[in-house]
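Dear colleague,

Here is the structure you asked about. My notes follow below it.

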Amino acid sequence: VRFDTVNPPGNEEPAIRRLGEFLEQAGIVVEYQRLSENRLNLVARIRGSRSGHLVLCGHIDVVHPGAGSWEVEPFGGVITDGRLIGRGSADMKGGVAAMAQAMADLAGEHFQPKADLILAVTAGEEVDMAGAKLLSSTDLLSGASRIVIGEPTSLDVFRAEKGVFWTRVTAHGRTAHGSMPNLGVNAISFMARLIIRLEEYPFAFEPSDVLGNPTISVNVIDGGVKTNVVPDRCRAEIDMRLVPGQSRADVLGRLKALMEEIRAEIPVRTEVDILQDVPAVETPADDELVQATASIVNEVSGKKPTIGGVSYGTDGAIIAPSLGASMVIVGPGAPEQAHQPNEYVKIEELESAVEIYKGLARRLL
Ligand SMILES: [Zn+2]
């Protein structure tokens, strides 16, 4: 937590190197993968003799601590009342630390897995999943069939996540004096109609039993220069969260068809840029990884975990589909602690997480 890995810019290298030293001291082979200056991914491995590898995966970058309301130094790594407090303690240096400790414990016991046990720690998750994308573009994880993401879940088990589909629509109209709007083409008027119809527009989908319905939210708007000038440009950014089975081509097609319809009323020129495109993923409830995780959480912590889904994207959405692997999310810390002031993780949950990750390796490998 004391390493400042706020992303942007990330600067994950010192924290990743420290983690690598810890793993090497436990006798584990560590490889690094460079994203850019001062930014690395880490891949550590206890080798088995066949494929069907198990990947423990987490990210080491964090979001900015924000303007205020911290009662402790966000990068102090303060431990008090059974809690580690600080930016990234729950999201998700706690999960990464628990995974690394599980690897070290298993190496210390001379654990001999059937297939590889891999720890993959990424840079760059919080902005654009740059580390996961780089990792997926190489063969470092090839042969893996299961992936465990250690994002904070309060040790519940999540087997699905919504897709993230962000777009920016820009409308170009024609400016005119504000007293003669009939001579212009008002880009803000176009965008206003688009937003209202988007919010009502029936995108095709099958509801998911763990993820519910897709969502749409227009979260940025920008246009116009002066009260008496008809705006010739307006830009909006749209955050859509998709469910499995929903085709992004279809969603984009419907967005464009809607724009076409409104262009017949207000003849602007339009552009659509895709800002983020991470697919929805879902592992079946009866998958062995889901079943094993739920039963080990119960054995270790005594709690009967909720098995559900999350509305946000993780590195798993990039890595699991690229490998054809099943995925679960299970980690220490409460999901609602993520990105908050005074973020913390309970030490007890960190310790349980170590045992859960070790239990998974023993059972599945
Ligand atoms: Zn996270």
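How much of the protein chain counts as buried? Of its 365 residues, 52% do. Please keep in mind that this is a predicted model.

Overall fold

The protein chain has nine helices and 16 strands. Its C-alpha atoms fill a box of roughly 80 × 45 × 35 Å along the principal axes. Among the contacts with a separation of 6 or more, 81% are between residues 24 or more positions apart.

Asp 116

I looked at one residue in detail. Asp 116 sits in strand 6, which covers residues 115–122. Its relative accessible area is 4%, so Asp 116 is buried, the cut-off being under 20%. Leaving aside residues up to four places away in sequence, Asp 116 touches Arg 45, Ile 46, Arg 47, Gly 48, Arg 50, His 53, Leu 54 and Leu 365. With one of these, Arg 45, Asp 116 makes a polar contact, side chain to side chain, at 3.0 Å. Ser 51 is 65 residues from Asp 116 in sequence, but the two C-alpha atoms are 7.2 Å apart in space.

Regards

Note on methods:
Residues are numbered from 1 along each chain as its sequence is written. This is a predicted model: local features need pLDDT of at least 70, side-chain atom pairs count only at pLDDT 80 or more; totals for chains, interfaces and linings use all residues. Side-chain values use heavy atoms; hydrogens and water are left out. Helices (H or I, at least four residues) and strands (E, at least two) are DSSP runs, numbered from the N terminus. Buried means under 20% relative accessible area, exposed over 50%, partly exposed in between (1.4 Å probe, protein chains only). Contact means heavy atoms within 4.5 Å. A polar contact is a pair of N or O atoms within 3.5 Å; within protein, one must be able to donate a hydrogen and the other to accept it, and residues adjacent in sequence count only if both atoms are side-chain atoms.
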